[in-house]
Amino acid sequence: MLLLRRIFSPTAQICRRVAYVQGQSPAPKIREYFYYIDHEGMLFLDDARIKNFTSCFKEKQFLEFFFKRLKLNDTDRYRDEFPFLSICGRERNFIRCDDLPIVFTHVVKIDSEDRLAYAHGYDKMSVPWQPDRICMFPDTGRVYHPAPERYGSIGLVRSKLAIELSSSFTFQNGEDRPPTHFRWKEHNYELDQDWWKETYIGKRSQQD
């Protein structure tokens, strides 16, 4: 599956050239726009020449509206080049990304519960923090955590947060293998090494 391949080789993707015009109208009253999400979770117009903090979208209300409508691209348009889609009224927003569309940025506390915020939404967009299900792949150094099913059930942890968390990993099988334990708030969690495999194998068998 597309998402599973990205886990093993997130930096090896090649974006094929595709012709589009921002705001194009392929059908009456329909507009199409094209976006890009980088590995830090920042959202840009796909054709923005410079992609950095000054050119990304920062308005929290817009980000919440955009991401809460994000899903796999189930249309017959641009599916290979833009595998994700956010439908906002009459706008079809096609999305590609450096790795995965959901990027976790901060651990936050909401109503005394630790949660993992994503898409720079802070308290507006978050999932329960599951320290026993964090996953790191030594060959890439990237760290992943469960995400809502509508987003593909897995999200990337941004590099700054991943570096902060990495000091809490234990590698009982060697540093060339995924970590076996993770220490969080004085508790040493044995990591579930297979949750992401079970998620995608289960989905695949249902589809077949």
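Is Glu 32 buried or exposed in this predicted model? Glu 32 is buried, with a relative accessible area of 0%; buried denotes under 20% relative accessible area, exposed over 50%, and partly exposed the range in between (1.4 Å probe, protein chains only). The model is predicted, and local features require pLDDT of at least 70, side-chain atom pairs count only at pLDDT 80 or more, and totals for chains, interfaces and linings use all residues. Residues are numbered from 1 along each chain as its sequence is written, and side-chain values use heavy atoms, with hydrogens and water left out.

**Overall architecture**

- The secondary structure of the protein consists of 4 helices and 14 strands, where helices (H or I, at least four residues) and strands (E, at least two) are DSSP runs numbered from the N terminus.
- The protein has 208 residues, of which 45% count as buried.
- Among contacts between residues at least 6 apart in sequence, 51% join residues at least 24 apart; a contact means heavy atoms within 4.5 Å.

**Confidence**

- The average pLDDT of the protein is 86, and 87% of the residues score at least 70; pLDDT is the predictor's confidence in each residue, from 0 to 100.
- Among the elements of the protein, β1 has the highest mean pLDDT (97), whereas helix α1 (residues 2–8) has the lowest (50).
- Over residues 6–14 the pLDDT stays under 50, and the model has 24 contacts beyond four places in sequence for this stretch.
- Residues 200–208 also stay under 50 in pLDDT, with 11 contacts beyond four places in sequence.

**Salt bridges**

- Side chains of opposite charge can pair when their charged atoms come close.
- The whole structure contains 13 salt bridges, each defined as a side-chain nitrogen of Lys or Arg within 4 Å of a carboxyl oxygen of Asp or Glu.
- Glu 32 and Arg 92 form one of these through their side chains, at 3.7 Å from N to O. This pair links distant parts of the chain, with Glu 32 in strand β1 (residues 31–37) and Arg 92 in strand β5 (residues 91–97), 60 residues apart.
- In contrast to the buried Glu 32, Arg 92 is partly exposed at 26% relative accessibility.
- A network of salt bridges links Glu 32, Arg 77 and Arg 92.
- A salt bridge also joins Asp 46 to Arg 96, with the closest N and O atoms 2.5 Å apart. Asp 46 lies in the loop between β2 (43–45) and α2 (60–67) and Arg 96 in strand β5, so the pair ties together parts that are 50 residues apart in sequence.
- Asp 46 is buried at a relative accessible area of 9%, and Arg 96 is buried at 18%.
- The side chains of Asp 74 and Lys 71 meet in a further salt bridge, at 3.4 Å from N to O. Asp 74 is exposed, with a relative accessible area of 52%, while Lys 71 is partly exposed at 29%.

**A buried loop residue**

- Asp 99 is located in the loop between β5 and β6 (103–110) and is buried, with a relative accessible area of 0%.
- The side chain of Asp 99 makes a polar contact with that of Tyr 144 at 2.8 Å. A polar contact is a pair of N or O atoms within 3.5 Å; within protein, one must be able to donate a hydrogen and the other to accept it, and residues adjacent in sequence count only if both atoms are side-chain atoms.
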